[in-house]
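Visitor: Hi! I have a new structure open and would like a hand reading it. Could we go through it together?

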Amino acid sequence: MPKILGSSLAEHRERTRDALFSALSSLMSERGFDAISLADIAARAGIGRTAVYNHFPDKETLLLAFIEHETSAYVTHLRQALAEVSDPVEQLRVYVRQQLSLAPSYHFAPGPDLKQVISRDAIARLRTHVAQVETLLRDILREAIRSGEIPEQDLDAVVPLVHSCLTGRPAPRDEAARATYVATTESFVLRAVGAPEGAVPAGAASVA
């Protein structure tokens, strides 16, 4: 009989899912999703391969559950960070920095684009998760327009452009290079949406 993780079946299932999510995240930081098997994930998680099927029938289902879990946690954290500032331009800075702080595995940089290796149904579900984050950006920009801090603009076009800029590639791992990258990207996004010229990105002055 498989060993139960935790004091109850519910805790066991939660711990097992967490272990599988952690394993998938770790593997996707090393190689593309297409090059990962359920056996690889089970081995990295330290879980019997057959036991994985008690939780997920295939690796695509596991991927979608992982993304849903990560998105929910990220959106909650982002909302809390945004609630600490009221000015929409400052909120945009927070949004940019939070997006750039995401782990590379969340952006799924290694290997082929996920859209090339997962089903159409999975692609549609992925878009709903992206939309949760983009909705926050849209609300920030809409308020900045309403308050007159940035000019009127087509948010249907601008939101995907800003989001693509922030998720196109992972930030450098070197601390100095990362600081420069974040400050430069933040400044670029502020200029792109028409924020006041005097708006200096937080931390930019300390970056050589």
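**A chat about the structure**

Guide: Happy to! Let's start with His163, which is found in helix 8. Keep in mind that this is a predicted model.

Visitor: Is His163 buried or exposed?

Guide: His163 counts as buried, because its relative accessibility is 10% and the cut-off for buried is under 20%.

Visitor: Which residues is His163 in contact with, leaving aside its neighbours within four places in sequence?

Guide: There are Tyr95, Gln99, Val130, Val133, Glu134 and Leu137. Take Glu134 as an example: His163 and Glu134 are 29 residues apart in sequence, yet their C-alpha atoms are 7.2 Å apart in space.

Visitor: OK, and how do helix 8 and helix 9 pack?

Guide: Helix 8 covers residues 155-167 and helix 9 covers residues 175-192. Their axes are 11 Å apart, at an angle of about 170°. That angle makes helix 8 roughly antiparallel to helix 9, because angles over 145 degrees count that way.

Visitor: Which residues meet there?

Guide: From helix 8 you have Val162, Cys165 and Leu166, and they meet Thr185, Phe188 and Val189 of helix 9. In this contact of helix 8 with helix 9, five residues are nonpolar, one is polar and none is charged.

Visitor: Let me zoom out. How many helices and strands does the protein chain have?

Guide: The chain has nine helices and zero strands. Written as a pattern along the sequence, that is α-α-α-α-α-α-α-α-α.

Visitor: And how much of the chain is buried?

Guide: Of the 208 residues in the protein chain, 39% are buried. Here is another overall number: if you take the contacts between residues at least 6 apart in sequence, 66% of them join residues at least 24 apart.

Visitor: New topic. How many aromatic pairs are there?

Guide: The structure holds two. In one of them, the ring centres of Phe21 and Phe56 are 6.1 Å apart and the planes are at 45°, so the pair is tilted. Phe21 sits in helix 1 (residues 9-28), while Phe56 is in the loop between helix 3 (49-52) and helix 4 (59-83). These two residues are 35 apart, so to speak, in distant parts of the chain. Both Phe21 and Phe56 are buried.

Visitor: What about Phe21 and Phe66?

Guide: Their ring centres are 5.9 Å apart and their planes are at 50°, so that pair is tilted. Phe21 lies in helix 1 and Phe66 in helix 4, so the pair ties together parts that are 45 residues apart in sequence. Phe66 is buried, and so is Phe21. Taken together, ring pairs link Phe21, Phe56 and Phe66 into a cluster.

Visitor: How do helix 1 and helix 4 pack?

Guide: They pack at an angle of about 95°, and their axes are 10 Å apart. Helix 1 and helix 4 are therefore roughly perpendicular to each other. Helix 1 brings Arg17, Asp18, Leu20, Phe21, Leu24, Ser25 and Met28 to the contact, and helix 4 brings Leu62, Leu63, Ala65, Phe66 and His69. Sorted by kind, the residues of this contact of helix 1 with helix 4 are eight nonpolar, two polar and two charged.

Visitor: One more, please. Where does Leu126 lie?

Guide: Leu126 lies in helix 7, residues 120-146. With a relative accessibility of 14%, Leu126 counts as buried. Leaving aside neighbours within four places in sequence, Leu126 is in contact with Leu64, Ile67, Leu114 and Ile118. For Leu126 and Leu114, which are twelve residues apart along the chain, the C-alpha atoms are separated by 9.6 Å.

Key: Residues numbered from 1 in each chain as written. Predicted model: local features only at pLDDT ≥ 70, side-chain atom pairs only at ≥ 80, totals over all residues. Heavy atoms only, no water. Axes fitted to C-alpha atoms, helices over the stretch in contact; angles between N-to-C directions. Helix = DSSP H or I, 4+ residues; strand = E, 2+ residues; numbered from the N terminus. Parallel < 35°, antiparallel > 145°, perpendicular 65-115°, else oblique. Contact = heavy atoms within 4.5 Å. Nonpolar A, V, L, I, M, F, W, Y, C, P; charged D, E, K, R; others polar. Phe/Tyr/Trp six-rings, centres within 6.5 Å; stacked < 30°, edge-to-face > 60°. Buried < 20%, exposed > 50% of the residue type's maximum accessible area, 1.4 Å probe, protein only.
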